[in-house]
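Please look over the sequence and the model before reading on.

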Amino acid sequence: MSDERPRRDWRDTLRDATDLALLGFALVLAALPLLTLAPAVAAASAAVHDRATRGGWPAPRTTLSRFGRALPAGLAVSLAALAVAAALGADLAALAAGRVPGGAPALALTVVVTAALTGYAGLVVVEVGRAGGRGWREAARAAARTATRQPGTWAATSGVCAVAGLLGVLVTPVAAPILAGYALAALHAVAARRPVARTEAS
């Protein structure tokens, strides 16, 4: 009797694409109040991790439970992330418009720093997903270890975030949630090539 796994066909690929699109829409809807951004991302990341490691999506009740558990700490994380994003966005806009000195070199440096920070944030999101949507502090520490010991993985997640950001500007707003689901899956796929052990959050 053969132990070979059945080959995937186009229907499996289409099903995965549809599932990721639905996950992206759910993520965006849950994040609409803005302060629920981090809990929504944490729950979605945990769902993607389950799909990648267990071969199936978690039950909706599980995802909702994870979202609820992530709310207390996630509100502060959302506020911090939004503040950093606003500051970086303002700097980039000012440099691009020539309202502040520095010119092209300063703009290029700011773009690199922004890409590096978003790549690090992507690593944190993956680590939170691996812990079931909890443990932001430990996820930040684990992501820092990954960035230090595996700079190639950090560069890859930065690339994923940069491409996702560029596509987010180019696509129509209705397609942005679909992009969110795909970007989250891409982050997990990149990080899974060089997994890093971490302590599960209690």
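In which hand does H2 pass H3 in their crossing? H2 passes H3 in a right-handed crossing. A crossing counts as right-handed if the near helix is turned clockwise from the far one by less than a right angle, and as left-handed if anticlockwise.

This is a predicted model, where local features need pLDDT of at least 70, side-chain atom pairs count only at pLDDT 80 or more, and totals for chains, interfaces and linings use all residues. Residues are numbered from 1 along each chain as its sequence is written, and side-chain values use heavy atoms, with hydrogens and water left out. Helices are DSSP runs (H or I, at least four residues), numbered from the N terminus.

**H2 against H3**

- Two packed helices are described by the angle between their axes and the distance between the axes.
- Helix H2 covers residues 37–54, and helix H3 covers residues 60–97.
- Their axes lie 5 Å apart, at an angle of about 130 degrees. That makes H2 oblique to H3.
- Axes are lines fitted to C-alpha atoms, for helices over the stretch in contact, and angles run from 0 to 180 degrees between N-to-C directions.
- Under 35 degrees is roughly parallel, over 145 roughly antiparallel, 65 to 115 roughly perpendicular, and the rest oblique.
- Residues of H2 that meet H3 include Leu37, Pro39, Ala43 and Asp50. On the H3 side, Arg66, Phe67, Leu71 and Leu82 are among them. Contact means heavy atoms within 4.5 Å.
- By class, the contact of H2 with H3 has 14 nonpolar, 3 polar and 2 charged residues. Ala, Val, Leu, Ile, Met, Phe, Trp, Tyr, Cys and Pro count as nonpolar, Asp, Glu, Lys and Arg as charged, and the others, Gly among them, as polar.

**H2 and its ends**

- H2 is mostly covered, with 13 of its 18 residues buried. Buried means under 20% relative accessible area, exposed over 50%, and partly exposed in between (1.4 Å probe, protein chains only).
- The 18 residues of H2 should span 26 Å at 1.5 Å a residue, and its end C-alpha atoms are 25 Å apart, which agrees. The expected span is 1.5 Å times one less than the number of residues.
- Leu34 is found in the loop between helix H1 (10–31) and H2. Its phi is near 75 degrees, a positive value in a residue other than glycine.
- Just after H2, Gly55 takes a positive phi of about 85 degrees.

**H4 and its neighbours**

- Helix H4 (residues 103–130) has 28 residues. From first C-alpha to last it reaches 41 Å, close to the 40 Å expected.
- Buried residues of H4 include Thr110, Gly119, Val124 and Glu127. Their cover includes H2, H3, H5 (136–149), H6 (151–170) and H7 (176–192).
- The axes of H4 and H7 come within 10 Å and cross at roughly 85 degrees. The two helices are therefore roughly perpendicular.
- Gly122, Val125, Val126 and Arg130 in H4 meet Leu184, Leu187, His188, Ala191 and Ala192 in H7. That contact divides into 6 nonpolar, 2 polar and 1 charged.
- Just after H4, Gly132 takes a positive phi of about 80 degrees.

**Two single residues**

- Leu107 belongs to helix H4. At 25% relative accessibility, Leu107 counts as partly exposed. Leu107 touches Leu92, Leu95 and Ala96, not counting residues up to four places away in sequence.
- Ala139 is in helix H5. Ala139 is buried, with a relative accessible area of 0%.
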